[in-house]
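Student: I would like to learn how to read the features of a protein model one at a time. Could we go through one together, starting with a helix?

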Amino acid sequence: MEFSHKSVLLQECIDALAIRPDGIYVDGTAGGAGHSREIARRLTDGGRLIAIDKDPDAVAAAKERLAPYPAARVVQGDFADIDGILGGLGIAAVDGILLDLGVSSHQLDEGSRGFSYNVDAPLDMRMSQSGFSARDLVNGYSVEALTRVLREFGEEKFAFQIAKNIAAHREKAPIGTTFQLVDIVKESIPAAARRSGGHPAKRTFQAIRIAVNGELDHLSQCLDKAFDCLAPGGRFAIITFHSLEDRMVKQKFADMARGCICPPDFPVCVCGHKPTAKLITKKPILPSEEELAENNRSHSAKLRVCEKLPSRADAGAGKGE
């Protein structure tokens, strides 16, 4: 099947990265290479693009689509390991990093991947196509652990009832398909709640996918590592698609942009704390009305961008000290 993914906030991302022809850039979630291709097109004069993805299908598609661009290199890996990936390529610092945290159209539409509640398929949801799967989680987690996953990662208010019904069903036979899980979720939620707020299984599938792929843990690791990999003046752009991701990115960027952290009643600053980043977007960039009309999957997208500030050492070096 053709690997498809319509890039969200494409021009906004390119503008946010402020791409230099001789710069070094990382697309940590290459997917269908839509963002990567637009970055690579702008690189000349020794510029480089490192396109990373953990999904073998995405890596194969990205290699094919980026083949005409000598500046691009595709690597199979996890963006949480960005420092090791760049170190292995002999790259000490980069000028921009982009993360698009959305699930690709290919992953949602390809039946065998098990990401979608609209397609009957084996319960899988593994972005890397290896290791622990949604089937393992649904059939192996205790009611307490399932409830926690659904409540924390899906913000599902009927988490306990769904978890309890999952446990009851799997006592008879293992739960193996997406539609089996959808039916369990539907019978666990009151009729009035099923009629509002979109598909009743949306939050459950989101929560299980996040848990199976360790998405929030990997994002947390990447936020620190990626920022450390930026050169002074480098931009970090992240597209999120749900509140948990966006909250994490917003808080991290705000912390990096914060100056003095002394108590407000101190007459003078004694902490010496200096911001390491400046916010390029104080509020997130949202899709335009035109994009929303063309791409339904862009509806919850939010783009946040920060820029790494020079450290004191960088400033001193710039003055010839």
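This is a predicted model: local features need pLDDT of at least 70, side-chain atom pairs count only at pLDDT 80 or more; totals for chains, interfaces and linings use all residues.

Student: Which residues of helix 3 are buried?

Tutor: Helix 3 runs over residues 56–65, and its buried residues are Ala 58, Val 59, Ala 61, Ala 62 and Arg 65. They lie on the same side of helix 3, because they cover an arc of only 165° around the axis. The general idea is that an α-helix has 3.6 residues a turn, so residues three or four places apart point the same way.

Student: Which residue caps the N-terminal end of helix 3?

Tutor: That residue is Asp 55, which has a side-chain oxygen 2.9 Å from the backbone nitrogen of Asp 57.

Student: What is Gln 76 in contact with, once its neighbours within four places in sequence are left aside?

Tutor: Gln 76, which belongs to strand 3, is then in contact with Asp 53, Lys 54, Pro 56 and Val 59.

Student: I would like to turn to charged residues next. How many salt bridges are counted in this model?

Tutor: The general idea is that side chains of opposite charge can pair when their charged atoms come close. For the count used here, a side-chain nitrogen of Lys or Arg must lie within 4 Å of a carboxyl oxygen of Asp or Glu, and by this rule the count comes to 18 salt bridges. One of them joins Arg 126 to Asp 124, with the closest N and O atoms 2.7 Å apart, and Asp 124 is buried at a relative accessible area of 14%.

Student: Where in the chain do Glu 156 and Arg 203 lie?

Tutor: These two residues form a salt bridge whose closest N and O atoms are 3.1 Å apart. The pair links distant parts of the chain, since Glu 156 is in the loop between helix 7 (143–154) and helix 8 (159–172), Arg 203 is in helix 11, and the two are 47 residues apart. Glu 156 counts as buried because its relative accessibility is 1%, whereas Arg 203, at 27%, counts as partly exposed.

Student: Which strands hold Arg 235 and Glu 307?

Tutor: The side chains of Arg 235 and Glu 307 meet in a salt bridge with an N to O distance of 2.6 Å. Arg 235 lies in strand 5 (residues 230–240) and Glu 307 in strand 7 (residues 302–308), so the pair ties together parts that are 72 residues apart in sequence. Arg 235 is buried with a relative accessible area of 15%, and Glu 307 is buried with a relative accessible area of 15% as well. Salt bridges can also share partners, and in this way Arg 20, Asp 22 and Asp 95 are joined into one network.

Student: Is Gln 206 buried or exposed?

Tutor: Gln 206 counts as buried, because its relative accessibility is 17% and the cut-off for buried is under 20%. Gln 206 lies in helix 11 (residues 202–213), and, leaving aside its neighbours within four places in sequence, it is in contact with Phe 153, Gly 154 and His 242.

Student: And which residues make the nonpolar surface patch?

Tutor: Phe 266, Val 268 and Val 270 make a nonpolar surface patch of about 290 Å². Val 270 is exposed, with a relative accessible area of 58%, and its place is the loop between helix 13 (243–257) and strand 6 (277–279).

Student: Finally, how should I read the backbone angle phi?

Tutor: The general idea is that most residues other than glycine have a negative phi. Ala 18, however, has a positive phi near 50°; this residue sits in the loop between helix 1 (10–17) and strand 1 (24–27) and is partly exposed, at 42% relative accessible area. Gln 129 also has a positive phi, of about 60°, although it is not a glycine. Gln 129 is found in the loop between helix 5 (105–109) and helix 6 (134–140), and at 33% relative accessibility it counts as partly exposed.

Technical notes:
Residues are numbered from 1 along each chain as its sequence is written. Side-chain values use heavy atoms; hydrogens and water are left out. Buried means under 20% relative accessible area, exposed over 50%, partly exposed in between (1.4 Å probe, protein chains only). Helices (H or I, at least four residues) and strands (E, at least two) are DSSP runs, numbered from the N terminus. The arc is that of the directions from the helix axis to the C-beta atoms. A polar contact is a pair of N or O atoms within 3.5 Å; within protein, one must be able to donate a hydrogen and the other to accept it, and residues adjacent in sequence count only if both atoms are side-chain atoms. Patches are made of residues with over 30% relative accessible area and no salt bridge: like charges are joined within 9 Å, nonpolar side chains (Val, Leu, Ile, Met, Phe, Trp, Tyr) within 5 Å. Accessible areas come from the Shrake-Rupley method with a 1.4 Å probe; for residues, only the protein chains shown count as cover. Contact means heavy atoms within 4.5 Å.
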